[in-house]
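Please keep the sequence and the model in view while reading.

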Amino acid sequence: MVSDRLQVWVRARFGPSEVEAVLDLLADLVSLEPGSSAEGIERVQAAVVFLSRGDSRRFLDAVALAQEDWRDVLVAAGLADDDWADHLNSTLGDSGKSEYAGRQSTSRRS
């Protein structure tokens, strides 16, 4: 699952031929964080995308870093501190909590 607001961010920064692969890899990061809350998942996924700056090679490097230790990717992206939710909201737009409430889909990206 990749949040709607993160999908919008990805689609605006990666080329059309890259978007689906990027979203698929982000969806595969779901199980990295212990507890795997929707907010925690988005936090790790966003950290990976922020580090990439829309570049495929940087994206793959950030995915590898997250797979090695998801905490390192949070630190590198500036999402390790207590204000991480504010940082996400200022970058991606305020989603409110409603986007996360029990949303599951058969699509890996929604």
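Glu42 and Arg5 form a salt bridge, with their closest N and O atoms 2.8 Å apart; a salt bridge here is a side-chain nitrogen of Lys or Arg within 4 Å of a carboxyl oxygen of Asp or Glu. Because Glu42 belongs to helix H3 (residues 38–52) and Arg5 to helix H1 (residues 4–13), the pair ties together parts that are 37 residues apart in sequence. Glu42 counts as buried at 2% relative accessibility, and Arg5 is likewise buried at 10%. Buried means under 20% relative accessible area, exposed over 50%, and partly exposed in between (1.4 Å probe, protein chains only).

The model is predicted: local features need pLDDT of at least 70, side-chain atom pairs count only at pLDDT 80 or more, and totals for chains, interfaces and linings use all residues. Residues are numbered from 1 along each chain as its sequence is written, and side-chain values use heavy atoms, leaving out hydrogens and water.

The structure holds 3 salt bridges. Arg11 and Glu20 meet in one of them, at 3.5 Å from N to O. Arg11 is partly exposed, at 42% relative accessible area, and Glu20 is partly exposed at 34%. Arg71 pairs with Asp69, their closest N and O atoms being 2.9 Å apart.

Asp81, Asp82, Asp83 and Asp86 form a negative surface patch. Such a patch is made of residues with over 30% relative accessible area and no salt bridge, like charges being joined within 9 Å. Asp82 lies in the loop between helix H5 (70–77) and helix H6 (84–92), and its relative accessibility of 80% makes Asp82 exposed.

How values were computed:
Patch = residues over 30% accessible without salt bridge, like charges linked within 9 Å, V, L, I, M, F, W, Y side chains within 5 Å. Areas by Shrake-Rupley, 256 points an atom, 1.4 Å probe, with all protein chains shown as cover. Lys, Arg positive; Asp, Glu negative; His and termini not counted. Charge placed at Lys NZ, Arg CZ, Asp CG, Glu CD. Helix = DSSP H or I, 4+ residues; strand = E, 2+ residues; numbered from the N terminus.
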